[in-house]
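Please look through the sequence and the model shown below before reading on. The briefing then goes through selected parts of it, topic by topic.

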Amino acid sequence: MATFVLMPKLGQEMTEGTLLCWLKQEGEDVVKGEPIAEIETPKVTAEVEAPADGVLLKHLVPEGATVPCQEAIAVIGAAAEDIPPLPPKFPTAPASAAQEVPAPATPFTPGADHAEAELSAAGSDGRAGRPQRAGEEGGRSVPAPVPEAGGSKFGYVPASPLAKRLAREHGIELRGVRGSGSAGSVRARDLQPLIAASRRLAPLDVPPGAAPLPQRGIVIPHSSMRRRIAERVLQSTQRLPHFFISLDIDMGEALKLRAGAAPRLAQQVGVEVTINDLLVKAAALALRQHPLLNSSWTDEGIRVHAEINIGVVVALEEGLIVPVVRRADEKPLAQVCRELRTLSTRARDGSLRRQETSGGTFSISNLGMHHIDRFTAIINEPESAVLAVGSIAERAVAREGQLLVRPMMTATLSCDHRVIDGVVGSAFLNRLREILESPNLLLVEEPERH
Amino acid sequence: MPEAAQRELTFLAAITAALKEEMARDAAVMVLGEDVAVGGPFGATRGLAEEFGTARVVNTPISEGAVMGVAVGAAVLGRRPVVEIMFIDFITLAMDQLVNQAAKLHYMSGGQLRVPLVVRTQCGATGSYAAQHSQCLEAWFLHVPGVKVVMPATPADARGLLKAAIRDDNPVLFIEQRGLYWSKGAVEEGEAGIVPLGRAAIRRGGEDVTVVALASMVSEALSAAGQLAEEGISAEVIDPRSLHPLDLETIAESVKKTHRLLIVHEAVAQGGVGAEVAMQAQLAAFNYLDAPVRRLGAPFTPVPYSPVLERGYVPNAAAIVATVQQLMRE
């Protein structure tokens, strides 16, 4: 029996994936578990594994095509096997990337007497009185139309007229919207969340009485990353009661450490230690002592996470992405440094894997390299806090009656007030300052957490 | 206003009332048909002969073609005949007069002739009248330009539409569903309550799905809508009342609101009025549809005699509920 390879769903928010390249060509033998294709989502790239042993009979989508999750992308079967003519879609497919081809649905549908409304009594053989269920048209059985799996290859997205009109009106790309209608067809209900989002975002949503938007100019179509960023920041700002606290940190010692440690670390790791590395390690150590900052609000209660996984915002041309350094508190600075370098590189060339961008428990955003003194960041749900750091710049500081010029950095913490109160946030921020102002603490091998 | 007075009547009594009122109002109105002078098989014309005489309430031989021919001629000459065809199944025998004469004369005479004819007949599968006395054939006449087709669902509409049909200068096929004859409802008197042809009635407002139901299916649809409301599905029930002219505007406006359409009639689904309504509605509201238009009708088989099979043959509230549930999942 032939097996369809489906576009996997790598997480709740993934709705579609782009087929980057085929690793196995048509006619090649494949072993179950062997990578056969590389795919890309707005956040990561991943490999699709063969769900069964056999021969890769057919590629159903070309390289570069974007395909909704759980839609067939290839067929694996026995060497001489015919390719099933109608690769079905699976409206509620399991998480597995493969699905056995079900037997063709019989046109007989048991149900309410008249639900199908069509009974054909006397067929051409004249056997009246032995009614036979038939399709809507002409008394013949007409199987429900199933769109070809290659549909998206030809740019056709099955959708109701209403859904198409709504998509057009709201500038929503139907491709990639998961259809809940018959045979995976997109219905208006599938667009409601997107419409709600676009309505809140739409620049055309001018208040009544306001001057109309100028008609000249260009429209930049939303990329999936742009749309995702929009949804997430909008959701976070609407749902989380943010508050912000700032303090200035004297980075003199940290810069010294960096200068002193740099050659050794460069030798060990092959790269230079950066302020970000120090920030990640320092925040991770501070979080150990202030676990509420490393938690999530849930309906059951505040979930304090066992791991300290620090996300670092990386700017990209088309948006941003947040790779995560896992268990940053447990790793020596050199390792944090090495991992962060790898993650940043992969983020920029788009090769991050899903697990490298998920599971964060706290985030850091640094605009210091862009000469920003201070700013506030939006919390990356389901985290409860984010640290925004500005540039390190020489500032006049009064200390013990003296006016000093010191390399100062302003750190601003955004907190979800449901979880974190001002004093708790302040304690964390002060601990962060202590560590960064006595950065030898970053080099001490911390005891395991109790 | 004195006309606003209401009384509770059966569907049949409302028909009788409309005939009496129109005969009293206009001496040109006359009734022809088999046994009509003695009240007809169900009593719709009871008392008319006594009140208006057998010159205006004419018993005819059992020859539908002849009756219809006489009526067409009388109509052309200025009378306003109301012909009774005892069962719509027998209308086949009068088709030539109705389709080729009544429907064509105004057109073919360049407007010189008028045929103010009403053909009353009854239809429907109830009471085991079997395959030759139970059909719903309204769709046939929708295909004939020159004939209006009316199907009332309530006593008030039976009276109101019949009065409008008698006053119409065109041939009107007035189809009464037998199963409704003994249903009761408030009916107005005098000039009040005349229902113009071509105006639908919204029997129940709703948001999620539009159910267009014909004649006896209206009460089934209302019962279904009640059950669906318990599941949180809000169904709007529309009774088109006349099939030609069809009040497409009311249907299309409803579909634009609900985005889903089901048409229910007792007649065989295939080739039925549902197909025509579906076609017109999708054309008027295509970009508002969120699911395929569905129809519900009798199976494609002759009406069975067996009471058990007959009950299973006619669409009912349960079938409407099931179809709407399916439609909501589409």
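The model is predicted. Chain B contains 12 helices and 14 strands, and 57% of its 330 residues are buried.

**Chain B as a whole**

- The secondary structure of chain B consists of 12 helices together with 14 strands.
- Of the 330 residues in chain B, 57% count as buried.
- The accessible surface of chain B is about 12500 Å², and carbon and sulfur atoms account for 55% of that surface.
- If one takes the contacts in chain B between residues at least 6 apart in sequence, 83% of them join residues at least 24 apart.

**A buried residue in chain B: B:I166**

- B:I166 sits in helix α7 of chain B, which spans residues 155-167.
- Is B:I166 buried or exposed? B:I166 counts as buried because its relative accessibility is 1%, and the cut-off for buried is under 20%.
- Apart from neighbours within four places in sequence, B:I166 touches B:L19, B:E22, B:V29, B:R80, B:V82 and B:V118.
- B:P116 is 50 residues away from B:I166 along the chain, yet the C-alpha atoms of these two residues are separated by 7.2 Å.

**Helix pair in chain B: α9 and α10**

- Helix α9 of chain B (residues 248-258) packs with helix α10 of chain B (residues 273-285) at an angle of about 60 degrees, and their axes are 9 Å apart.
- Because of that angle, α9(B) is oblique to α10(B).
- The crossing of α9(B) and α10(B) is right-handed.
- On the α9(B) side, the contact involves B:L248, B:I251, B:A252, B:V255 and B:K256. On the α10(B) side, the residues are B:V277, B:Q280, B:A281, B:A284 and B:A285.
- By class, the residues of the contact of α9(B) with α10(B) are 8 nonpolar, 1 polar and 1 charged.

**Helix α5 of chain A and its partner α7**

- Helix α5 of chain A (residues 275-289) and helix α7 of chain A (residues 422-437) pack at an angle of about 130 degrees, with axes 9 Å apart.
- That angle is why α5(A) is described as oblique to α7(A).
- α5(A) and α7(A) make a right-handed crossing.
- From α5(A), the contact is made by A:L278, A:L279, A:A282, A:A283, A:L285, A:A286, A:L287 and A:Q289. From α7(A), the contact is made by A:F428, A:R431, A:L432, A:I435 and A:L436.
- The residues of the contact of α5(A) with α7(A) comprise 11 nonpolar, 1 polar and 1 charged.

**Helix α5 of chain A and its partner α6**

- α5(A) also packs with helix α6 of chain A (residues 333-349), at an angle of about 120 degrees and with axes 9 Å apart.
- The angle therefore makes α5(A) oblique to α6(A).
- The crossing of α5(A) and α6(A) is right-handed.
- A:N276, A:D277, A:L278, A:V280 and A:K281 are the residues of α5(A) in this contact. They meet A:L333, A:V336, A:C337, A:L340 and A:R341 of α6(A).
- The contact of α5(A) with α6(A) has 6 nonpolar, 1 polar and 3 charged residues.
- A:L278 of α5(A) takes part in the contact with α7(A) and also in the contact with α6(A).

**Cis peptide bonds**

- In chain A, a cis peptide bond joins A:E381 and A:P382, with omega about 5 degrees. A:P382 lies in the loop between β19 (362-366) and β20 (385-389) of chain A.
- In chain B, a cis peptide bond joins B:H244 and B:P245, with omega about 0 degrees. B:P245 is in the loop between β12 (242-244) and α9 of chain B.

- A:E400 is a residue other than glycine with a positive phi, near 50 degrees.
- Where is A:E400? A:E400 is in the loop between β21 (393-399) and β22 (402-416) of chain A.
- A:E400 counts as exposed because its relative accessible area is 80%, and the cut-off for exposed is over 50%.
- B:S128, which is also a residue other than glycine, has a positive phi near 55 degrees. B:S128 is placed in the loop between β5 (118-123) and α6 (138-142) of chain B.

Notes. Residues are numbered from 1 along each chain as its sequence is written. Chains are lettered from A and ligands numbered from 1 in the order in which they are written. This is a predicted model: local features need pLDDT of at least 70, side-chain atom pairs count only at pLDDT 80 or more; totals for chains, interfaces and linings use all residues. Side-chain values use heavy atoms; hydrogens and water are left out. Axes are lines fitted to C-alpha atoms, for helices over the stretch in contact, and angles run from 0 to 180 degrees between N-to-C directions. Helices (H or I, at least four residues) and strands (E, at least two) are DSSP runs, numbered from the N terminus. Angles under 35 degrees count as roughly parallel, over 145 as roughly antiparallel, 65 to 115 as roughly perpendicular and the rest as oblique. A crossing is left-handed if the near helix is turned anticlockwise from the far one by less than a right angle, and right-handed if clockwise. Contact means heavy atoms within 4.5 Å. Ala, Val, Leu, Ile, Met, Phe, Trp, Tyr, Cys and Pro count as nonpolar, Asp, Glu, Lys and Arg as charged, and the others, Gly among them, as polar. Buried means under 20% relative accessible area, exposed over 50%, partly exposed in between (1.4 Å probe, protein chains only). Accessible areas come from the Shrake-Rupley method with a 1.4 Å probe; for residues, only the protein chains shown count as cover.
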